[in-house]
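Student: I would like to learn how to read a few features in a structure of this kind. Could we take them one at a time?

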Amino acid sequence: MMSTIANLEPGAYTQWAGFLNDIPTFADAKGFIRLVDGKEKSVDIHDGLLCAASDIDGKSLVSGGEDGMICRLYADGSSNIVHQAETKWIDKIATGPAGTIAYGSGRRGKIILKNDDIREINIDRTIEGLAFAPKGMRLAISRYDGIELQWINSDSPNQFLQWKGAHTGVMFSPDGTYVISLMQENALHGWRLRDKKHMQMTGYPSKVSSMSWSHKGKWLGTSGAQAAIIWPFSGKDGPMGKAPRELGGMGKVMVTQVCFHPTAEMLAVGYENGMIMAVRIDDGQIVSLRREGHGTITAMNWDEAGTRLAFGSDEGEAGIITLS
Amino acid sequence: MNDVATQNKQSDEKVPVTVLTGYLGAGKTTLLNRILTQDHGRKYAVIVNEFGEIGIDNDLIVDSDEEIYEMNNGCVCCTVRGDLIRILQGLMKRKGRFDAIILETTGLADPAPVAQTFFMDEDVQAKTRLDAVVALVDAKHVMARLVDSREAEDQIAFADVLLLNKIDLIDNQEKPELLRILKKINPHAMIHETTRAEISLDQILQRNAFDLARILDDDPKFLSKPDHDHHHHDHQCGPDCDHDSHVHHDHSNAQGNLDPSVHGTTIETISLRAGELDPNKFLPWIEKITQIDGPGILRLKGIVAFKDDPDRFVVQGIHMILEGDYQKAWRSNEKRSSRLVFIGRNLDRQKLERTFAACAV
């Protein structure tokens, strides 16, 4: 194992860390994006970057900012403005197949299709989270009191998955069977789309801010506790009636980020004190990837091959860990 | 959430947030521009819920949609402002851009969810602290507002600082009655009479009104002052008055005389007094009272003397949220006594008095 340091400006909050076309890339909340390709390249892309997501093909990063813009940055450092329309912050973004983008800006949001067609997101509450279904035909929008599902290419009314409370984030399972939301309470809520069966995943001591599916969708790793909480989804009823695995407990240190390996059932776990561990699900074996540092781990992503992990903290520390 | 927390907060590291409430036309934007344009060397981030017609003179303004989120715990008064959680989290990712945050609410905003956000959301609580709720009151129109709107009354009852603005627009004869009504709704707020929201900024900023350690600094006679209204209407403190015992604290009118038909006020203050209390009785009692009567309690504050305990215990609450901690020790020459003040609606005075009295040693 080897670490490469790619620190951002001291104190900078890492909003996104990952790989574009295999080049380590780090986006901070000020709006600087740093590409680490032999020599470092820094691009000033927003006056305040609030959200970012890599495209499905892994070749570009789309981001939304305080400036009301959506930008797209490529691995060579070139970038373009995809959309500029909002007077309010753009703080939610999701990417779908073929370059599709959805964004949220308060109670307004749009879907930008690959031919630059633009569709409104039909919602009257604040957009708290966005996620495309795996095939990209549907968009899940999380809001107060539930999740709305909107068809990308149709005007038919949204399907509403209701559950009381504020849903601050949303994600589909890799095969599209389940929709999972993060809640303002210390809990997740899930629905099996086929029959809208509810799944309550509770018991967290803290808000859950990060979740990640294992590559085949057998496990859902989550933050929000003093260990990674990993829910089993291999049975037909998902995690209902089963206890989650609790792995990577390091005393009282909170887990803040989780990211499943792209090909193995191994979870990268980032902590509030800057530590990072790799946890193997089948035998619970733990390998330390990074010691305590400055700040909380706020972003992590594996490269496509699963040999390198990019990470960043809320205090400007960032880097790449290479597994040997 | 309902536990009496005993954690020490490092309030100095957290960014202070001042909340400006008040009806449309009361002068919020005028005050905001006053704060922003004075030469104080401080940088502010401003959150607004509706861009008004009057411009705001600041680099960093965030426009937000009011989103009230009920918490999923079965309590209708446990509400937070989802938009604030989102915006504050975003702002705090870029530290160093500002020293403090000012939040201007809409004229009809309920201040409770705003304040509760700072106690109920762990991310907001970790990075920011509610400094004070400042309410602007339009002296000319407040009486009419109190008749037709519950929000106007809530904003007054909830405030730590009240600016009775546009005071130049009313007759001197109207003023005593106006002040009497404001003090009836909120006996503990600092009241400043202002014209065009002109006020010394240290009266509204850096108040630490929600800091348990300083909660009673504005009110050093909290324990000793009488509950009765002495009708000292001949002396009113203006903004420049540094009169030690601000007369507006001496009118708690807590012994009743509340007539909802007069000026439509429905909020009352209940003041409870006792000597030393038994912590094993008081702590369960205050938790239970805030659980049961939380929806009606807008604010609560108190100092408690526990038997055989050298330190005073201080509590504050908003609806069902309760916070308590030990503060500085009783002085040897000081009378050890306890006092709790509830500001709220539909509170059962007899029950509160009886059950509180049962907490005595």
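Student: Which exposed residues does the face of α8(B) turned away from its buried side carry?

Tutor: This is a predicted model, so read each feature as one of the model. As a general idea, an α-helix has 3.6 residues a turn, so residues three or four places apart point the same way. In this case, the face of α8(B) turned away from the buried side carries Asn280(B), Pro284(B), Lys288(B) and Gln291(B), which are exposed. The helix spans residues 279-293 of chain B and has 15 residues. From first C-alpha to last, α8(B) reaches 20 Å, close to the 21 Å expected at 1.5 Å a residue.

Student: Which residues of α8(B) are buried?

Tutor: They are Phe282(B), Leu283(B), Ile286(B), Ile289(B), Thr290(B) and Asp293(B). Seen down the axis of α8(B), these buried residues fall within an arc of 140°, so they line one face of the helix.

Student: What do the buried residues of α8(B) pack against?

Tutor: They pack against three strands of chain B: β11 (297-305), β12 (311-318) and β13 (321-329).

Student: Now a strand. How many residues of β1(B) are buried?

Tutor: In a regular strand the side chains alternate between the two faces of the sheet. In this case, β1(B), residues 15-22, is mostly covered, with seven of its eight residues buried.

Student: Which strands pair with β1(B), and in what sense?

Tutor: One is β7(B), residues 128-138, which pairs with β1(B) in the parallel sense over eight bridges. There, Val17(B) has Leu130(B) as its bridge partner. Another is β6(B), residues 100-104, which runs parallel to β1(B) and is joined to it by four bridges. Here Thr18(B) stands opposite Ile102(B).

Student: In what sense do β21(A) and β22(A) pair?

Tutor: β21(A), residues 219-222, pairs with β22(A) in the antiparallel sense, over four bridges. Gly221(A) stands opposite Ile230(A) in β22(A). The hairpin has five residues between the strands, and in it Gly224(A) takes a positive phi near 100°.

Student: What else is there to read on β22(A)?

Tutor: β22(A), residues 228-232, is mostly covered: four of its five residues are buried. Three bridges also join β22(A) to β23(A), residues 245-247, and these two strands run antiparallel. Ile229(A) stands opposite Glu246(A) in β23(A).

Student: Next, domains. How many residues of domain 1 of chain B are in contact with domain 2 of chain B?

Tutor: Start with the bounds: in chain B, domain 1 is 11-249 and domain 2 is 268-357. The contact involves 23 residues of domain 1 and 21 residues of domain 2. On the domain 1 side, the elements that give two or more residues are α3(B) (111-120) and α6(B) (150-158). The largest share, five residues, comes from α3(B). By residue class, the domain 1 side divides into 18 nonpolar, three polar and two charged.

Student: And between the chains, how many residues does the contact take from each?

Tutor: It takes 18 residues from chain B and 22 residues from chain A. On the chain B side, β3 (61-63), α2 (82-92) and α4 (122-127) of chain B are the elements that give two or more residues. Of these, α2(B) gives the most, with four residues. The residues on the chain B side divide into three nonpolar, five polar and 10 charged.

Definitions and conventions: Residues are numbered from 1 along each chain as its sequence is written. Chains are lettered from A and ligands numbered from 1 in the order in which they are written. This is a predicted model: local features need pLDDT of at least 70, side-chain atom pairs count only at pLDDT 80 or more; totals for chains, interfaces and linings use all residues. The expected span of a helix is 1.5 Å times one less than its number of residues. A residue is buried if 20 or more other C-beta atoms lie within 10 Å of its own, exposed if 12 or fewer, and partly exposed in between; C-beta atoms are placed from the backbone. The arc is that of the directions from the helix axis to the C-beta atoms. Two residues are in contact if their C-beta atoms, placed from the backbone, lie within 7 Å. Ala, Val, Leu, Ile, Met, Phe, Trp, Tyr, Cys and Pro count as nonpolar, Asp, Glu, Lys and Arg as charged, and the others, Gly among them, as polar. Two strands pair if DSSP finds at least two bridges between them. Domain bounds come from an automatic or database domain assignment.
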